[in-house]
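Here are my notes for you to read with the structure open beside them. Take the points one at a time and find each residue as you go.

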Amino acid sequence: MPKAASTTFTHVHAGDWRSPNNPHALKRNQACHQCRKRKLKCDAKRPCTTCIRSHAYALAHAPPGATMPAGPDCTYDLVPNLSGLLQQDPPEGRLEKLETRIAELEALLAESHEEAGPSSFPGPLHFGGPPQLGGHPQLGVPGPSHIPIDPALLPGPDLEARTLIYQGPFTSTPDSVIDPLLTGGYDMSQHLQAGALNSLAEAAALSVNDQDMQIEESVALHVPRPHPVEEVFALGWSKNLPSPELLRHLVDAYFSFNADASRLLHRPTFMADLSLPPTHPRFPSTALLHAICAIGSFYTAAVDPSPNPTKSPFPMDDPFDSRHWMHGRKPYSFAEVQVQHANTAILSASSVGEDIIQGLQAEIILSTWYWTSAKWAAAYMSIARSLRTCLPMGLNVAAPFHPISGSARPPSLLPPANSVLEEELRRNTFWLAYALERTMGSGHGWALMLDDQDISQMLPVCGEDFEEMRSVATHERQWSHDHDVLIRHPPRQTDPFVLYIKSCMLLSRVKNFNARFRAKYYAGDPSTFTVDPNGQSTPSQDIRHTPAFSELNQLITDFQSSIPPHLKRPVKNGVVNAHLFSACTIAHLAVILLHETHAHIESKTCHSSLNILNAARGILNLMYDVCATSYNLSLLGQFVVVSSARQSRLGLLTSSHIGCVVHGWSSAHPLPTRCRSVKSSATNGNADRRARFHTVRS
């Protein structure tokens with residue numbers, strides 16, 4: 001039996017297609033997949049001759065009715081270090097495909113014009129699709145959504161057809177989106193939509209002219225060219241953002257109904273930047289816009305809300321909210337999609353050091369959205385990230401209170417602020433992250449993310465100075481580490497927002513006292529021991545007798561009494577100030593958190609139970625004042641809801657036991673009887689308040 005000829009393999013470069021010994025032989029794995037599988041000879045053409053012959057044979061012998069591919073199936077491996085053009089179809093094949101596709105699109109465009117006629121464009125189009133006015137006869141939205149809503153934005157049966165994601169050039173741009181100075185007085189409403197087909201038709205004409213050919217004159221393209229400003233917006237607009245009209249509506253809703261919006265962002269400057277083209281350097285970051293869209297969906301009916309989980313095996317208060325979605329497999333809502341895009345944009349921008357401050361602002365807004373949506377685990381992690389992110393930016397300290405130790409890195413990753421407004425925006429961003437973390441921390445026993453001793457920052461300026469972008473001298477402002485910062489309130493530097501920040505600092509001290517008392521006691525801290533008349537420190541049987549507890553309890557009392565008289569009531573003339581309401585509520589909640597562990601509700605002479613009851617009544621009185629107005633309670637924020645629930649539970653429990661003495665109850669009266677009596681008294685008191693309120697109004 002003759003021996004087979006030996007085969008010699010010689011090393012060649014990755015870009016060589018032929019063997020150096022035999023120019024007609026292919027290098028290993030250079031034949032197409034089909035020829036290698038069938039062990040046939042291949043000439044490495046694209047498609048190869050063998051595949052073309054096999055395809056022609058298959059077409060000729062195909063059974064009747066069988067569907068055959070238009071071309072042969074001939075695929076190859078990708079060759080390293082080889083140009084991508086050499087691994088694709090030859091230029092003449094690609095050009096032929098492009099010309100065929102362009103001809104098909106031109107035919108479809110001409111056919112649509114012939115069927116629709118000249119009335120296919122009745123007037124200026126709306127962003128995201130044509131408006132449908134018949135589906136929503138009532139445009140007024142109950143609750144907080146009192147701002148005007150474009151009927152085209154409201155969800156309806158045709159919501160699938162009217163997508164909320166911007167996917168093409170603008171048609172008619174309102175003045176709220178494009179600055180009139182950019183258009184030069186040009187009337188944008190006179191221009192109709194010019195989609196991708198127009199540009200594709202121009203590309204087809206350019207491609208055909210290069211080949212010295214002409215387009216048939218029978219194909220009429222009557223699509224006008226868009227205005228240059230529209231083209232700039234179309235090129236820079238993110239495909240994941242809603243349409244400009246809906247985005248502007250959600251931004252307006254956010255500024256109108258969120259109490260923190262006017263301090264986290266400077267509204268006049270932000271709206272001016274939003275009117276710029278998306279390619280402008282001052283245009284807001286994509287992450288911030290996505291976050292605003294998510295939180296703004298709470299205040300409008302223009303988008304559908306997130307559906308509540310139904311028939312889930314997990315408890316409704318499960319901190320890991322995504323388990324409900326994994327069980328139900330429901331599609332994500334508009335807000336949930338915007339949150340996902342915001343998180344992606346934050347990570348993408350932070351990885352290259354772009355838009356760091358706006359990324360932090362977006363994270364704070366997302367934290368509020370998580371907390372309001374009862375996504376406890378996500379809210380905790382997001383709030384922690386936002387506060388910890390402030391440290392490398394140097395937002396927790398201000399000159400000259402930088403570390404004295406030498407470091408190779410600068411104290412802040414941010415460059416110096418270019419203006420007074422930018423500096424105050426950074427400071428407000430830190431304090432809002434601080435307040436959000438402190439208020440949420442009151443509901444759990446975990447440690448706080450940042451120690452108060454690591455904060456040496458000035459308090460925010462008043463709202464008027466912030467709006468007018470006025471600079472305030474350093475010696476006129478208060479610092480977070482001032483010994484009397486919680487009991488001294490300069491008139492020119494005190495407003496509801498500043499009091500809200502101070503109340504969060506007070507709440508932080510109570511939280512740290514409860515969390516660190518045991519460790520300090522075993523470490524021998526003198527503030528955790530009782531001092532006898534002889535000056536000797538002895539272990540105390542009651543924590544309430546220790547100097548630390550007494551000092552903190554007195555600080556809460558001094559803070560409540562030091563609030564200026566004109567800022568003691570959060571409701572004036574039927575107008576509710578959300579920040580002032582939170583400040584007054586936090587002071588009462590601090591009393592509850594301090595005395596809750598030490599209250600003996602069975603005792604008739606327990607001072608802690610009495611303090612808890614008085615604090616609960618104080619929160620209830622604040623709620624009465626708000627309920628006497630038409631204000632929507634949901635606009636007060638999630639913390640107010642949590643504190644009210646805590647007040648209701650402890651207040652009802654303490655009042656039910658203390659009420660035994662007032663109402664003559666005995667141990668034979670069951671607790672439900674006492675609760676019904678207390679509830680009836682509270683209801684009657686609320687009715688009396690409402691009656692007096694209506695009498696005063698009339």
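1. Let's start with a pair of neighbours. W369 and Y370 are both buried. They also form an aromatic pair, with the ring centres 5.6 Å apart and 70° between the planes, which makes the pair edge-to-face. Two numbers are enough for this: a pair of aromatic rings is described by the distance of the centres and the angle of the planes. The structure holds 17 aromatic pairs. For a cluster of rings, look at F513, F517, Y521, Y522, F529 and F549.

2. Before going further, keep in mind that this is a predicted model. The chain has 698 residues, and 42% of them count as buried. Its secondary structure comes to 22 helices and four strands. How much of the contact pattern joins residues at least 24 apart in sequence? Among contacts between residues at least 6 apart, the share is 68%.

3. Now for the inside. The largest nonpolar core has 108 residues, and Y254 and F270 have the most contacts within it. Helix 19 (residues 578-595) gives this core its largest share, 13 residues. Apart from it there is another core, of eight residues, including A31, C51, C74 and Y76.

4. Have a closer look at F270. Which residues does F270 touch, leaving out those up to four places away in sequence? They are V251, F255, L265, P284, L288, L289 and I292.

5. Next, the second largest pocket, with a volume of about 830 Å³. Its lining has 33 residues, and D273, P281, R282, D355 and Q358 lie nearest the centre. Helix 9 (267-274), helix 10 (286-296), helix 13 (356-372) and helix 15 (420-441) each give two or more residues to this lining.

6. E424 sits in helix 15. Is E424 buried or exposed? It is buried, because its relative accessibility is 6% and the cut-off for buried is under 20%. Its contacts, not counting residues up to four places away in sequence, are V461, F466 and R477.

7. Check two peptide bonds in loops. The bond from R46 to P47 is cis, with omega near 0°, and P47 lies in the loop between helix 1 (33-38) and helix 2 (49-60). The bond from A399 to P400 is also cis, with omega near 10°. You'll find P400 in the loop between helix 14 (376-389) and helix 15.

8. A374 has phi near 65° and lies in the loop between helix 13 and helix 14. Its relative accessibility is 28%, so A374 counts as partly exposed. M469 has a phi of about 55° and lies in the loop between helix 16 (463-468) and helix 17 (496-522). M469 is partly exposed too, with a relative accessible area of 41%.

How values were computed:
Residues are numbered from 1 along each chain as its sequence is written. This is a predicted model: local features need pLDDT of at least 70, side-chain atom pairs count only at pLDDT 80 or more; totals for chains, interfaces and linings use all residues. Side-chain values use heavy atoms; hydrogens and water are left out. A nonpolar core is a set of buried Ala, Val, Leu, Ile, Met, Phe, Trp, Tyr and Cys residues joined through side-chain atoms within 4.5 Å. Buried means under 20% relative accessible area, exposed over 50%, partly exposed in between (1.4 Å probe, protein chains only). Contact means heavy atoms within 4.5 Å. On a 1 Å grid over the protein atoms alone, a cavity is a set of points where a 1.4 Å probe fits but cannot get out, and a pocket is an open set with protein on both sides within 12 Å along at least five of seven lines; lining residues have an atom within 4 Å of a point. Grid points are joined across faces, edges and corners, and a volume is the space filled by probe spheres set on the points. Rings of Phe, Tyr and Trp (its six-membered ring) pair if their centres lie within 6.5 Å; planes under 30 degrees apart count as stacked, over 60 as edge-to-face and the rest as tilted.
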